Amino acid sequence: MPTEFYRSHILLCNDAECLAKGAQEIEDALVAALDANGLRDEVNVLETSRLGHCATGPEMVVYPEGITYIHLTPDAVTEIVNEHLLKGRIVKKYQFTGEARKDEELRAPAAKEMRIIMARCGVIDPDNIEEYIAEDGYAALAKCLTELTPRQVIDTVLKSGLRGRGGAGFPAGKKWEFAADQKTDTKFVICNADEGDPGAFMNRRVLEGDPHAVLEGMLIAGYAIGAHQGYIYCRAEYPIAVRTIRIAIRQAREFGFLGKNILDRGFDFDVELRIGAGAFVCGEETALMASIEGKRGEPRPRPPFPAVAGLWGKPTIINNVETLANIRNIINRGPEWFASIGNEKNKGTKTFTLAGDVVRTGLIEVPLGITLGEVVFDVAGGIKHGKKFKAIQTGGPMGGCIPEQFLETPIDYENLAALGSIMGSGGLVVMDEDTCMVDIARFFMDFTQDESCGKCVPCRIGTRRILEILERICAGEGEESDIERLEQLSKSIVAGSLCGLGQGAPNPVITTLKYFRAEYEAHIKDKKCPAKVCKKLITYRILDTCPGCMVCARNCPSKAITGERQKVHWINPDLCESCGICMSVCKFDAIVVE
Amino acid sequence: MRAKDLRSVPMAPSLQPAEDDPIVVAEQRARIDAIIAAHSKKQGSTMLILNEIQAQIGHVSKPMQNYIADKLHIPLKDVYGIVTFYSFFTMKPRGKHRVAFCLGTACYVSGAEMLIEKTQQILGVKLGDTTPDRKFTIEACRCIGACSQAPAVMVDDNVHGRNTPDKMVAVLRKYEKV
C-alpha cells in the first residue's frame, strides 16, 4: 500500500505479551473510534510485533509524528483518536516520554547491546513484504543469484565464522558444504522453528517480526547447496508466528521470490510450513525430520548426518531461525564485518531471552563473548526487589545452573560448556536467593522425563529415576546415598543416550550438585529447604498482627484457615498443603513461611 | 488369512464408534473427509491431517484413527503411535474452552502451581480433566513464550498474563458466559 494515501499510520503492538494485556480489545476500540470519526480511510492500522515497551502494556506508535502511547485502554484509545488524530493534539497523559524509542529498545547501557537480527522487529510491518524490501530485503538473494556461485556463497558463510544458533554451535558453512558435496538432484533446507526450551522465545519474535529474513536465509541456503524445496517446522504453541509465516510465504510467492525461475536466474525454490504438535524432542534435528515425514518424532543415530541422508533419505540441512536470519547480513555486509563482532571462536551477535528475577525481562541481542555478569547487571538491570543473585540458568532444560563466582565468564559455546552448561537456543533464567536449586533440578527433570521420547532406555527410565529421587529429597525423605546415586545415574544417562535430549538431560542435576551441594545436604540431612520453597519442608504461620480480614480463609483451597472477622486467624497444619496462596493474598504481611 | 477374509474379523470394541462420534455425525464426517482429501497426496500427510482434525473437530477418537488409517492405507498403529506421541492430540473431546497453564521456567518460578490449585478448586476438576458441563478443560502446557508476563495462562488462543489466584476467578468468569 503506497504510503501517501494515508494521513497517519498507527503501529499497534500485537505480540503475545501485549495480547496478554488486552491488545485485541484495544484494536477493536481503535477501529471503532476511527469508524465513528470517519477516519478509516485516512489512518492505516498495522499490527506489529514488539515495539519495545512491553513491560508498559498495550502500546502503539502514531506516525508521522512518531508518538508512542503506552498503558492503553479502550477509553484511552478513543481519546487519542478524538484528540490526536482528529485535532492534532498529542494526548500527553498516555505519551511515552522516556528515552527515545530506539534507545529504549537497545536498553541501557546501549553500548553492551547490539541489534542486528532484531533490527527490523517491531519497526517494519511483518505482513507487508514491501516494507522488508525497502530495508534491503532480498538484496542478498539477488546478489547471490547474480554475482556469486554456490561455492562462493558457502565460502562467504564459512569465512564469517557463523555457528549454528540452535544450540550445538556447529559451523553453518561446514554443514552447507557437506550437503553441497552430495551429488543428487533432490535436497532439502529445513528451518528449525521448534523453539521448545521453556523460557526461550527469541525465534518466535524473529518469525513474528521479520519472517522474510528467515525465508531469504532459506533461499540462499537452497541456492548454495542445490536444493529446491524448503520446510519451516514451527511449533504449534506459536499461533501468531504460524500466521505470520503463512502470510510471508504467500507474499514471497506473489513477488516471485519463491517458486520457479526466481529473479529470472533459473533457480527454483519453494517453502512449505509444517506445524508440530507439542513434542519437545522434535527440536532435535533427526526427530524433527521424522515428524515432517509424518511419523513419531523419535531421533535416530548419527551418522549418517542429515547433510548426507536426511529428510526422506535425501541430503538436508537444518538450520535454526536465528542462523538463517543472519545470512542476509553476512552476504550484504560481508563476512569480515560479521567476523569483527564477538570473540575469537564465536562471531556475531546472539539473541537471548531474559526471564526470572531480573528487573528487565524480555529479549536482548548482544555480541557473543559478553560476560554473564554484564547481561544480568548491565543489560537486565540486576535482580528485582534488591534481592541477591543466586544462579543463572542457560540453555534451557538441557543446560546448567551457573553460580555467582562464574559471572565473569564470557557467554560463548566453549566457556559455557566448560561450566557444565550449554549455550542452547538462548534462554537465560536468572534466579534470586528465594529459589531452591533442588526444586529447580526437579522441575527440569520433570520436564525432560515427560519429554523423553522413550527410545533410549537410559533416558526413558533414568530420567524417571532421577525425578523420583529428587521428589523424595524435596519431600524431606532423602537418604544420604541419594547424592551419589544421582551422580551415578547422571553419568549413565549421558553415556547411553542417542540424542542431545538424553545427553543433556542430567545437566541441571549435575550442575546444581556441583555448585549447590550444600542445599541438597540441607534437604537430606536437616530436612530443611533453605530457600523455603519445598512444600513438605515448610510451614505457614499467621502472625499476631493479623487484622482478621478473612481474605486468606476465603482463598485457601484446602480450607485450612479458620478464624473470625477481626480476630487473628489460624492455619491448621494438618490440612495445610503449603500452596502459599494465603501469603500471596494477605495485604498485611501477616503470614510468614518457616 | 487373505485380505478378503480379514473383513469378517469383528472390529475391536474400542474401535466401534459411539453414537456421537464425529465419523458417525454426517456433518463432521464430511469435514474429516475434506481434510483427508486436501492433504493425502502430500508427503508426510498423516501429521498434517491429524493436526487439522484436532484443530477443527477438537479430538481424534480411536474410531476416527481407524477411519483415517483406512483412508490413508496405513496401519492403525502408525496413526495411534502419532496421536499418543504428540501432546497436542487428544482422544477425548475437550471442553468448550481450553485453559492451559504455562509451566515454562519463568511461570513455574512465579507461581503457576498456585493458579492451578485455585482453578482446580473453582472448577472442581483436576488438571487434565473437563468440567461435567463441558465448558472448561484445564491442562498444563509447555512454555508459550510469554515469559515476562509470568505466570501466564492461555485460554483458547488468548494469553492472560501476570495472573494471581484472585485474578483467575475473573478470567474464568469472562469465559463462562461465552
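Guide: H7(A) passes H10(A) in a left-handed crossing. The model is predicted: local features need pLDDT of at least 70, side-chain atom pairs count only at pLDDT 80 or more, and totals for chains, interfaces and linings use all residues. Residues are numbered from 1 along each chain as its sequence is written, with chains lettered from A and ligands numbered from 1 in the order in which they are written.

Visitor: What makes a crossing left-handed?

Guide: The near helix is turned anticlockwise from the far one by less than a right angle; clockwise would be right-handed. H7(A) and H10(A) cross in the left-handed way.

Visitor: Why is H7(A) called oblique to H10(A)?

Guide: Helix H7 (residues 150-160) and helix H10 (residues 211-225) of chain A pack at about 120 degrees, with axes 7 Å apart. Angles under 35 degrees count as roughly parallel, over 145 as roughly antiparallel, 65 to 115 as roughly perpendicular and the rest as oblique. So H7(A) is oblique to H10(A).

Visitor: Which residues of H7(A) and H10(A) meet?

Guide: Pro150(A), Val153(A) and Ile154(A) in H7(A) meet Ile220(A), Tyr223(A) and Ala224(A) in H10(A). Contact needs C-beta atoms, placed from the backbone, within 7 Å. By class, this contact has 6 nonpolar, no polar and no charged residues.

Visitor: Why are E7 and E9 of chain A called edge strands?

Guide: The open sheet of 5 strands runs E7-E8-E6-E5-E9 in chain A. Strands pair if DSSP finds at least two bridges between them. E7 and E9 each pair on one side only.

Methods: Axes fitted to C-alpha atoms, helices over the stretch in contact; angles between N-to-C directions. Helix = DSSP H or I, 4+ residues; strand = E, 2+ residues; numbered from the N terminus. Contact = placed C-beta atoms within 7 Å. Nonpolar A, V, L, I, M, F, W, Y, C, P; charged D, E, K, R; others polar.
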